[in-house]
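Subject: Structure handover

Hello,

Here is the structure I promised to pass on. Please open it next to this email and read the two together.

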Amino acid sequence: MSASQPDNISIRLGTWDRLRDDASAVRHEVFVVEQNVPPEVEMDDDDAVSVHAVAYGENGEPLGTGRLLPDGHIGRMAVLRHARGLGIGGKLLDALIEQGHGDGHRMLILHAQTHATGFYEAHGFVAQGEPFMEAGISHVVMTRVLEPRG
Ligand SMILES: CC(C)(COP(=O)(O)OP(=O)(O)OC[C@H]1O[C@@H](n2cnc3c(N)ncnc32)[C@H](O)[C@@H]1OP(=O)(O)O)[C@@H](O)C(=O)NCCC(=O)NCCS
């Protein structure tokens, strides 16, 4: 975790109805504008059934987002370029892992962009199998086992 992790970042968890505007603004900037993912690929039906996390800066501006599907898939992790490397992605991931624990999942799974595997490894995820292409970007499956709480 970065030594410069800011304390003034707040994480909100909620439904798509509540967080749609802020989450989709960040995702559009990162995936569509920066990574050239087609908008119709970036948006899908899973948003409506996912728990979303959004990170806000000290002035209430959305800086990052991610989501947890009902089946334990984490996805759409994105932090605005100027806010990266400060621990915001880590805070979002921790919040989604905690949500997964609370939902009773025994395993979480994600499709990591291969350049970002180090980020997920730092949060307990392990790569499984060979890389594959998704939305024109190289990905690899990663999983993290969650121990039940006694
Ligand atoms: C991946 C992403 C969400 C990480 O968010 P972040 O706020 O920069 O993450 P953090 O600051 O919590 O952690 C960064 C750590 O991960 C490590 N890391 C490894 N690969 C990385 C990568 N490709 N991008 C960013 N960080 C990476 C960094 O070295 C850093 O480690 P350190 O804290 O020991 O220096 C962000 O870089 C992003 O939005 N990237 C573009 C979209 C994307 O690729 N999303 C992933 C889809 S699977």
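This is a predicted model: local features need pLDDT of at least 70, side-chain atom pairs count only at pLDDT 80 or more; totals for chains, interfaces and linings use all residues.

The model has an open sheet of 7 strands. Their order is β1-β2-β3-β4-β5-β7-β6. The pairing is mixed. Residues 10–14 form β1, one of the edge strands. The other edge strand is β6, residues 126–134. Each of these two pairs on one side only. On average, neighbouring strands are turned by 25° against each other, direction ignored.

Please look at β5 and β7 together. Strand β5 covers residues 107–113 and β7 covers residues 137–145. They pair in the antiparallel sense, over 7 bridges.

Helix α3 spans residues 88–102. It lies across β1, β2, β3, β4, β5 and β7. Its direction is at about 160° to β4. For orientation, β4 is residues 73–79.

Glu134 stands opposite Ile137 in β7. The hairpin has 2 residues between the strands.

Which residue in this hairpin takes a positive phi? It is Ala135, with a phi near 50°. Ala135 is not a glycine. It sits in the loop between β6 and β7. Ala135 counts as partly exposed because its relative accessibility is 40%, between the limits of 20% and 50%.

Find it in the loop between α1 (16–34) and α2 (39–42). Is Asn36 buried or exposed? Its relative accessible area is 63%, so it is exposed; the cut-off for that is over 50%.

**The ligand**

How many residues surround the ligand? There are 22. The closest are Val79, Gly87, Gly89, Gly90 and His115.

Several polar atoms of the protein face oxygen atoms of the ligand, as listed here:

- Gly87: a polar backbone atom is 2.8 Å from a ligand oxygen.
- Gln113: a polar side-chain atom lies 3.1 Å from a ligand oxygen.
- Gln35: a polar side-chain atom lies 3.4 Å from a ligand oxygen.

Taken alone, the ligand exposes 870 Å². The protein buries 74% of that.

**Gln113 in detail**

What does the side chain of Gln113 make a polar contact with? The partner is the side chain of His115, at 2.7 Å. His115 is itself among the residues closest to the ligand.

Leaving out residues up to four places away in sequence, Gln113 touches Phe31, Gln35, Ile137, Ser138 and His139. Two of these names come up elsewhere in this email. Gln35 has a polar side-chain atom 3.4 Å from a ligand oxygen.

Best wishes

Terms used. Residues are numbered from 1 along each chain as its sequence is written. Side-chain values use heavy atoms; hydrogens and water are left out. Two strands pair if DSSP finds at least two bridges between them. Helices (H or I, at least four residues) and strands (E, at least two) are DSSP runs, numbered from the N terminus. Axes are lines fitted to C-alpha atoms, for helices over the stretch in contact, and angles run from 0 to 180 degrees between N-to-C directions. Contact means heavy atoms within 4.5 Å. A residue is near a molecule or strand if one of its heavy atoms lies within 4 Å of it. A polar contact is a pair of N or O atoms within 3.5 Å; within protein, one must be able to donate a hydrogen and the other to accept it, and residues adjacent in sequence count only if both atoms are side-chain atoms. Accessible areas come from the Shrake-Rupley method with a 1.4 Å probe; for residues, only the protein chains shown count as cover. Buried means under 20% relative accessible area, exposed over 50%, partly exposed in between (1.4 Å probe, protein chains only).
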